[in-house]
Every structure is written in C-alpha cells, then in structure tokens.
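Here is a friendly walk through one protein model, meant for someone who likes to check geometry against coordinates. Please keep the viewer open as you read.

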Amino acid sequence: MKKDIVIIGGGIVGSTAAFYLSQKQEFLITLIDEGIGTATRAAAGIICPWLSQRRNQDWYKLTSESAAFYPLLMMDLEKAGFSESAYKQTGTLVFKNKDKLLQKLEKIALDRRENAPTIGQLSLFTGQTVQQLIPQLSTDQGAILASGGGRVDGNKLLEHLQTAFVKNGGLLLKGKANLIDTHTVSLREQVLKADQIILAAGAWLPNLLTPLGYSVDVRPQKGQLLEVETDFATEDWPGCMLHGEIDILPFENGKLVIGASHEDDIGYDLNLDTEIISHMKKTAAEFIPQIAELPISATRIGTRAYTSDYAPFYGNLSDQSHIWVASGLGSSGLTSGPFIGWQIAQEIQQLENEFDRQAYSPDKYIKKID
C-alpha cells in the first residue's frame, strides 16, 4: 500500500523533496504551494559559500556540501527533460576594498580548497585588471575569482522541479494549508491524511505549528532585488559579490540582477521600498557606471526565514518523527535548500545519507509548550 506524503511549502526545500520523492512509486505525494512571498521565486543567487567569512562552521559545512550538490541536481533535472539549466557555473568574483582583506580572503580560500575541490581555480585580481573578465567594471578594488562559483535563477529552478514532480505523478495544489492535527492537513474544504508530513513553509512555519502547541524560533526577513536590461554580453560573466551585501548577477541576454536587501523586523511586508532599491542600484553603479543610466526593468520581493542566531535547521520533530521541518535558511536558502530537500527525501525513503545533520536539529528552535 502506498504511503501518503503531504508537503506544505513550494519553495526550494519542499519542491526539491517533492521532485526526488516522486521518482519512487511507493508514495502518493501532494505538494501544497501558496505562492505568496516565496523567497525562492523572488531570488537569484550566487552559489559560492567557500569565500564567506562567517564564523559559524556548521553553516559553512552545510553550504559547502550544498554547493557541491548542485551539479548532481542539474544532472537529475536534465534526465527529467530540462536541457536549459537554471544554474550555471560561471565563476564568482568576491571584491574587497583593502589589500589586507583580499590577502586574508585568498588564504582562507586556499585552505578551504583542500577539503572543497569544487571551489575550482582561484585567481587574484587587483585594481583594473579585473576588466579582463568584465570590461564594463570600473573599480580600484581587488577581487578573487573562484571558478567553481555559480549562479541560479530561483524561479526557473522551482518551475523545473515542480513540472518534473507533476510529470512523475505528483499532485500540486495551490492555496494556504493548515494542520488540523499531526496527521491531517486542511486546504480550504479539502482534508488530507498523511503518513509523513514535510513542513517547508519557511517564515510561515510558526503559523503551522503554533496551533498544535509548539513555540517556533523563526521570523520573516524581507528581501528585495532589481533587474536592469543591458546590451552587454553577460552570458559568461562571473557573479560579483561586492563589499557588503549587494551582488551583481549576470544572466543571459544582457540581464543583470542586483541585490538583495536583508530587512529584519519588517514582518511579511511585500511592498516595494524605492529608497532601498535606489540604494542598491547606486551601489552597483559604483562598479559598473552604465547601470546608473539604465531604467529598472523589474523588481522582486520575497520573505526569507531566519532564526534568533541566524542558523538553519531541518529534520524531524523529536516527539513526532513523521513530521519533517526545515527553516531558518536566510539568504543562503538557494544554496542549501536543494541539498536539505534531497536529504529529507533520502531519509523518508530510508536511503543512505552520509551527511551528519545532528548540528542542524530542530530541537533548539522548536519546543513543545507544556
């Protein structure tokens, strides 16, 4: 008899888990995607955690393994019929405004490459020599190029995952879901019984678990991006991580995506903040001056999930082993989300997963209220 699995949340974690679970015939899988504020749909991201200087070693271990997972995910999607990839390995430029900081970053990158060969070749550029890669760049800042870095279009990746899921026989439903109890999900007038439940609702996880008597250390973070259309040959440009939080992501046909903002304490607000958008565009124009004269062709707004210590978590609830949760991924969700979704799918299928997820247990962030 087939087991019923219900996944609430059609972002990167839920859609990846749904894609991999749907490849097995022993499951009946329902993916519920409300589609409002989904961080992945609004996101375009650079996949290059190896040059981050975050001190959280657990975060680095997860994101490093997750970045290395991307080529496998793309191979699996290609087998599913998607020849045009949402991800491309074009390299990543990380800029620093001081030579001392650049040298420090180079040492970190060289040390990490010993255990993370996916980082690829490392090249140091100082001052205007970076124009060898992007002629339109105008900056005296130096940068390190990691050839293994890539960039991904979150919305396109979700479309591929969900289309493959439905093609494999999965049921995709649109709307806002709730938990009636630990085995029952409601969607409007529809009631779904489940043997396994995956809660991948990101910043909305507390809304699902609080009615069942849990406290959840997850809150929303607003992220905004902007797009400009250029006549530059951007297809093979490396992604640019500027000094600070702003990135310039090149895509096909001259499109540049700029962002993203990290706005705490805004709640679930999805209104455009023109002041923040203008600031990000101005920052990008300090590196590519032509951007200042270009109109904004599109904006994107999404809601990320983050925890009080800005660390992610995933796994099953300690008192309800059939309920799986994942949240708190923050701005690294596009990097680590697919790997987390794949791991959950592996464990539900009782397949081997060598990655030790103990450090990312939900127990620290989800408590049963007595």
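This is a predicted model: local features need pLDDT of at least 70, side-chain atom pairs count only at pLDDT 80 or more; totals for chains, interfaces and linings use all residues.

What follows goes from the sheets to a helix packed on one of them, then to the cores and a few loop residues.

Let's begin with an open sheet of eight strands, ordered β6-β7-β5-β16-β17-β18-β15-β19, in which the pairing is mixed. Which strands stand at its edges? They are β6 (122-125) and β19; each has a single partner strand, so one side of each is left without a neighbour in the sheet. From one strand to the next, the twist averages 20°. Helix α4 (residues 99-113) packs on this sheet and touches β5, β6 and β7, with a direction that makes about 175° with that of β6.

On one pairing, β5 meets strand β7 (residues 142-146) in the antiparallel sense over five bridges. On another, β5 runs parallel to strand β16 (residues 239-241), joined by three bridges. Strand β16 in turn pairs with β17 in the antiparallel sense, over two bridges.

## A three-stranded sheet

There is also an open sheet of three strands in the order β10-β11-β12, with antiparallel pairing. Here β10 (177-181) and β12 (190-193) stand at the edges; each has a single partner strand, so one side of each lacks a neighbour in the sheet. The twist averages 30° from one strand to the next. Strand β11 (residues 184-187) pairs with β12 over four bridges, in the antiparallel sense.

| Residue | Bridge partner | Strand of the partner |
|---|---|---|
| K96 | G142 | β7 |
| L93 | C240 | β16 |
| M241 | D247 | β17 |
| T184 | K193 | β12 |

## Helix α7

Helix α7 (residues 274-285) has twelve residues and reaches 16 Å from its first C-alpha to its last, close to the 16 Å expected at 1.5 Å a residue.

Which residues of α7 are buried? They are I277, M280, K281, T283, A284 and A285. An α-helix has 3.6 residues a turn, so residues three or four places apart point the same way. The cover over the buried residues of α7 includes β15 (219-229), β17 (247-250), β18 (255-259) and β19 (296-306).

The N-terminal end of α7 is capped by D273, which has a side-chain oxygen 3.1 Å from the backbone nitrogen of E275.

## Nonpolar cores

The largest nonpolar core has 66 residues, and those touching the most other members are I7, L21, L51, L73, L157 and I198. Helix α3 (residues 57-79) gives the largest share of this core, nine residues. Apart from it lies another core, of 29 residues, which has I8, L173, V216 and F313 among its members.

L73 makes a handy entry point to the largest core. Leaving aside residues up to four places away in sequence, L73 touches F19, Y20, L157, L161 and P338.

The loop between β18 and α7 holds both A260 and D265. The peptide bond from G259 to A260 is cis, with omega near 10°. D265 has a positive phi of about 60° although it is not a glycine. Is D265 buried or exposed? D265 is exposed, with a relative accessible area of 72%.

Y310 lies in the loop between β19 and β20 (313-317). Phi of Y310 is also positive, near 60°, in a residue other than glycine. Y310 is partly exposed, with a relative accessible area of 42%.

I288, found in the loop between α7 and β19, is buried, with a relative accessible area of 0%. What surrounds I288? Not counting residues up to four places away in sequence, I288 touches Q136, L137, F232, W237 and I248. The C-alpha atoms of I288 and T139 are separated by 8.2 Å, although the two residues are 149 residues apart along the chain.

Key: Residues are numbered from 1 along each chain as its sequence is written. Side-chain values use heavy atoms; hydrogens and water are left out. The expected span of a helix is 1.5 Å times one less than its number of residues. Buried means under 20% relative accessible area, exposed over 50%, partly exposed in between (1.4 Å probe, protein chains only). Contact means heavy atoms within 4.5 Å. A polar contact is a pair of N or O atoms within 3.5 Å; within protein, one must be able to donate a hydrogen and the other to accept it, and residues adjacent in sequence count only if both atoms are side-chain atoms. A nonpolar core is a set of buried Ala, Val, Leu, Ile, Met, Phe, Trp, Tyr and Cys residues joined through side-chain atoms within 4.5 Å. Two strands pair if DSSP finds at least two bridges between them. Axes are lines fitted to C-alpha atoms, for helices over the stretch in contact, and angles run from 0 to 180 degrees between N-to-C directions.
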